[in-house]
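This report looks at charged side-chain pairs and a metal site. Please keep the sequence and the 3D view at hand.

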Amino acid sequence: MRPLPIVPSRLISQLCHCLRSPASPQSKICLTMARPSSNMAHFRTCFAKAKHIVIISGAGISAESGVPTFRGAGGYWRRWQAQDLATPQAFARNPSQVWEFYHYRREVMLTKEPNPAHRAIAECEARLSGQGRRVMVITQNIDELHRRAGTKNLLEIHGTLFKTRCTSCGAVTENYK
Ligand SMILES: [Zn+2]
């Protein structure tokens, strides 16, 4: 078994499948506004009309829960750069070392809890779905904190720490051992 690799083509087809809907003039307007802006009043107007909302999250949201990011200067596990270990190639070279690294990360994660930001996003999804509006969360995070907070429409684009894929037959299973 090894950690799930990133599969961009499958992600894109999933995305297209999940987001496929007739484009309305309103959704076009919102897409053209998808540039960085700090205009909250404008955001609220757009958000209030939106039927299909995508929330994108990364390491920042989980940092509040105390999840180590393993990036930058602190990105070491023992004497190795974490990003050099988190690849299928590293696993092929040294499965037991990479497995041990992931085992450590899984143990750390089981001590962490979703924070108010994860819960607010899950609440947003639940509330808007009651209004016939759809929220999709796309995350780079592999910690399952969105899922544990209650988010249902979730794409974990880097997989999760708690799913493994068999290197012989490709079967993907949940694994919390
Ligand atoms: Zn198998």
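A salt bridge here is a side-chain nitrogen of Lys or Arg within 4 Å of a carboxyl oxygen of Asp or Glu. Side chains of opposite charge can pair when their charged atoms come close.

The model is predicted, so local features need pLDDT of at least 70 and side-chain atom pairs count only at pLDDT 80 or more, while totals for chains, interfaces and linings use all residues. Residues are numbered from 1 along each chain as its sequence is written, and side-chain values use heavy atoms, with hydrogens and water left out.

**Salt bridges**

Searching the whole structure gives four salt bridges. The table lists three of them, including the pair Glu123 and Arg127.

| Pair | Closest N to O distance |
|---|---|
| Glu123 and Arg127 | 2.6 Å |
| Glu100 and Arg78 | 2.7 Å |

Start with Glu123 and Arg127. Both sit in helix 8, four residues apart, which is about one turn of the helix. Helices (H or I, at least four residues) and strands (E, at least two) are DSSP runs, numbered from the N terminus.

How open are these side chains? Glu123 is partly exposed at 46%. Arg127 is exposed at 54%.

Next comes the bridge between Glu100 and Arg78. This pair links distant parts of the chain, 22 residues apart. Glu100 belongs to helix 7 (residues 95-109), and Arg78 to the loop between strand 3 (76-77) and strand 4 (80-81). Glu100 has a relative accessible area of 36%, so it is partly exposed. Arg78 reaches 55% and is exposed.

Arg148 is partly exposed at 40%, and Glu113 is exposed at 52%.

**The zinc site**

Which protein atoms are donors of the zinc ion? They are the SG atoms of Cys166 and Cys169, lying 2.3 Å from the zinc ion. Donors are N, O and S atoms within 2.8 Å of the metal (3.2 Å for Na, K and Ca); water is not among the atoms, so sites may look incomplete. Cys166 is partly exposed, at 24% relative accessibility. Cys169 is exposed, at 60%.

How values were computed
Buried means under 20% relative accessible area, exposed over 50%, partly exposed in between (1.4 Å probe, protein chains only).
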